[in-house]
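Dear colleague,

Please find the structure below, handed over for your records.

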Amino acid sequence: MEQRWRTTYLGKMVLVKDDRLPPNQWLLGRVTRLYPGTDGITRVADILTVSGTLRRAFNRLCPLPVEDQNCTPGANMLTPSKAAAAPAMVLISSRAQHAHHKRAEVMRLQLEHPQRIRSSGGRIPHLKYLPIAASESLASGRGIQVVSPSPDHSFHLDLEALSALLLREDLKDRAVVVVSVAGAFRKGKSFLLDFFLRYLHHTYILEGSGDWLGSEDEPLRGFSWRGGSKRDTTGLLLWSQPFKATLSNGEKVVILLMDTQGTFDSMSTVHDNVTVFALSTMLSSVQIYNLSQNIEEDDLQQLQLFTEYGRLAARGGGGKPFQKLQMLVRDWSFTSDYAYGAEGGRQLLEKWLEIPEGQHEDLQAVRRDITSCFEELACFLMPHPGLIVARNPKFDGKISDIDPEFKKSLRELVPMLLAPQNLVPKRIQGAAVRARDLLLYFKAYLGVFNGTELPQPKTILQATAEANNLSAVAEARATYDAQMEEASGGAQPYMTPAQLDKEHRRARDKALEAFRSRRKLGGQELASSYETQLIKELDEEYKEFSAHNESKKPRMTGTPVVFAGVALLGWLLSSLGGAVMWPLGLVGTAVALLALGVLALWAYNRVTGNMSNVANQLDKITGVLWKLGLRLLWNSVGNQAVAAAIGVDHMKPS
Ligand SMILES: Nc1nc2c(ncn2[C@@H]2O[C@H](COP(=O)(O)OP(=O)(O)OP(=O)(O)O)[C@@H](O)[C@H]2O)c(=O)[nH]1
């Protein structure tokens with residue numbers, strides 16, 4: 001097995017299995033290092049992927065059927081027939097650095113540059129066809145319904161689908177930027193999100209420059225949208241393709257787009273409407289509040305639940321609980337009052353949030369509280385998209401059918417929300433929410449909103465605090481795991497129980513420090529109960545590390561005995577033989593030194609775990625020498641004894 005991997009797969013491309021994800025989302029990587037165990041069998045390898053180097057057991061790797069790993073022209077070359085099977089993935093090979101391949105879509109290439117495929121005579125240099133699904137083609141993405149409404153008006157969380165997305169190895173530790181659009185039904189929410197998708201795909205996957213809006217006759221794809229009067233979106237949907245970005249401060253984030261069920265349709269109760277709107281607000285870092293034609297007092301009242309929540313959360317000392325509220329007024333027509341765009345929106349919002357003298361106390365409170373619970377409040381005024389968009393049932397989203405003023409506004413609005421410098425990561429109690437934390441918050445909020453009564457802000461806060469503590473526990477556990485893995489995991493040599501215990505205490509202290517230093521919602525009492533839970537979990541993990549360490553305990557082999565014996569023989573030959581004939585002495589010394597050197601090498605491996613290959617070969621050689629020695633002993637001593645016993649002069653070995 002080791003030999004097969006060594007000769008066949010070292011340096012080759014593999015997919016890294018992940019049981020939580022469909023195969024088309026498994027990470028692609030190159031095998032850079034193999035780790036033979038002390039028993040001579042190699043079971044673990046390092047794989048260089050876009051998310052860094054991963055260490056995996058062989059049974060978690062799928063070798064790719066890419067024949068020509070070094071991009072020799074010919075093999076796996078892209079041909080028009082392969083391109084026609086779009087969407088498919090290609091690797092763009094960089095001559096300078098074979099290990100770093102960049103992905104692209106054949107489909108886009110085919111749509112935009114058909115002449116490039118034809119003129120190349122069927123061969124496009126530096127593109128290699130990779131027979132896996134196009135996980136990064138926009139056309140292959142979809143809205144995943146992570147929350148769906150049930151007939152009894154409760155909401156169901158699809159934990160499996162959500163985990164598959166948020167626990168992806170390359171995403172789970174990234175801070176999330178969650179952009180969600182909420183508001184009344186049939187008001188163009190999904191339609192707008194599909195332009196967001198176009199921008200994100202252009203900017204973060206294709207890394208393109210220039211116009212992201214696409215060609216004039218390209219139909220609009222992405223989240224499902226349609227005309228007519230009946231509602232389309234139900235529950236909450238996340239786009240299946242996450243977009244990775246790095247902020248100017250170096251923070252690595254993943255951008256998630258969320259579409260939500262429209263409020264106030266004939267099928268939804270008040271409870272449903274509040275739940276959807278609340279989930280969207282609580283889970284996003286940018287809540288786009290989609291409004292039609294103007295801001296109305298009702299729209300502000302809808303935010304009241306969160307303003308009370310915000311007041312309670314602020315008492316915990318974590319600052320404002322929500323990041324950005326972006327009001328988006330569609331079909332704005334009062335341009336003589338306020339112009340289209342961000343500036344007109346800012347002026348309109350300012351006017352709305354003003355507290356004139358004599359205003360009713362309730363209205364004043366709403367205005368004060370909204371300002372105090374969002375870090376940023378903004379408003380944007382969108383023009384009408386034109387009659388074809390609003391009324392023509394055959395309209396498929398072609399840019400050419402959209403009013404130029406609307407397109408102009410899209411070019412202003414979308415980068416304003418999604419350009420790298422404008423991304424707003426989700427934070428709770430000042431700490432970034434990572435993808436795996438978001439899963440905890442989804443679970444917590446679904447739990448509290450699924451009762452028959454609408455939850456009180458206090459209950460929502462309690463759920464947030466519990467999820468917040470759970471995420472601190474998870475982070476502390478990850479700290480412990482990383483420390484222990486470094487000290488005693490994978491390829492590390494066996495440690496004595498005392499050494500391992502010392503490492504465990506050190507790692508546990510670090511983990512507790514990480515837990516305690518994190519600012520948490522819910523007060524000291526709640527934090528203490530989660531700390532007790534953390535200690536229990538770490539002790540359980542320690543048991544697993546101990547068992548793993550025991551499995552690495554070196555087995556006794558004859559290697560030291562054989563080489564010590566050879567060294568002794570060499571020494572005898574050097575002292576006794578040297579007296580008879582000097583070259584014999586020299587040979588004896590050389591044999592003794594060589595045997596001692598080999599012994600030292602073997603001992604070095606047993607102590608450090610390094611050079612396992614050499615040590616394993618030595619064990620094999622000594623095994624052979626041992627057998628040979630026993631056989632010689634049998635031939636010379638055993639045979640003679642038997643011969644003497646049966647009274648013959650000589651016996652041949654069989
Ligand atoms: N008047 C108007 N219509 C729009 C606008 N944007 C999109 N539409 C049209 O509105 C209709 C509904 O679009 P969707 O994106 O499905 O609306 P939605 O808000 O997601 O609808 P639900 O999923 O039912 O909540 C489609 O016919 C769009 O072409 C807009 O800015 N103004």
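To begin with a definition needed for helix packing: axes are lines fitted to C-alpha atoms, for helices over the stretch in contact, and angles run from 0 to 180 degrees between N-to-C directions. Helices (H or I, at least four residues) and strands (E, at least two) are DSSP runs, numbered from the N terminus. The model is a predicted one, in which local features need pLDDT of at least 70 and side-chain atom pairs count only at pLDDT 80 or more, while totals for chains, interfaces and linings use all residues. Residues are numbered from 1 along each chain as its sequence is written, and side-chain values use heavy atoms, with hydrogens and water left out.

Overall composition

The secondary structure of the protein amounts to 20 helices and 19 strands. Of its 654 residues, 47% count as buried (buried means under 20% relative accessible area, exposed over 50%, and partly exposed in between, with a 1.4 Å probe and protein chains only). The accessible surface is about 32100 Å², and carbon and sulfur atoms account for 56% of that surface; these areas come from the Shrake-Rupley method with a 1.4 Å probe, and for residues only the protein chains shown count as cover. Where contacts (heavy atoms within 4.5 Å) join residues at least 6 apart in sequence, 72% of them link residues at least 24 apart.

Helix packing

Two packed helices are described by the angle between their axes and the distance between the axes. Angles under 35 degrees count as roughly parallel, over 145 as roughly antiparallel, 65 to 115 as roughly perpendicular and the rest as oblique. A crossing is left-handed if the near helix is turned anticlockwise from the far one by less than a right angle, and right-handed if clockwise.

Helix 15 (residues 457-488) packs against helix 17 (residues 523-551) at an angle of about 25 degrees, with the axes 10 Å apart. Helix 15 and helix 17 are therefore roughly parallel, and their crossing is right-handed.

For helix 6 (residues 189-205) and helix 13 (residues 404-418), the angle is about 60 degrees and the axes are 10 Å apart. This pair is therefore oblique. Among the residues that make the contact are Phe191, Phe195 and Tyr199 of helix 6, together with Phe406, Leu410 and Pro415 of helix 13. Helix 6 and helix 13 cross in a right-handed sense.

The axes of helix 7 (residues 270-283) and helix 14 (residues 435-449) come within 11 Å and cross at roughly 160 degrees, so these two helices are roughly antiparallel. Their crossing is right-handed.

Individual residues

Threonine 260 is part of strand 14 (residues 252-260) and, at 0% relative accessibility, is buried. Threonine 260 and alanine 182 are 78 residues apart in sequence, yet their C-alpha atoms are 5.7 Å apart in space.

Valine 587 belongs to helix 19 (residues 582-608) and is partly exposed, at a relative accessible area of 45%. The C-alpha atoms of valine 587 and glycine 577, 10 residues apart along the chain, are 9.2 Å from each other.

Finally, the structure holds zero disulfides, a disulfide being a pair of cysteine sulfur atoms within 2.5 Å. Cysteine 373 is buried at a relative accessible area of 0%, and cysteine 379 is buried at 3%.

With kind regards
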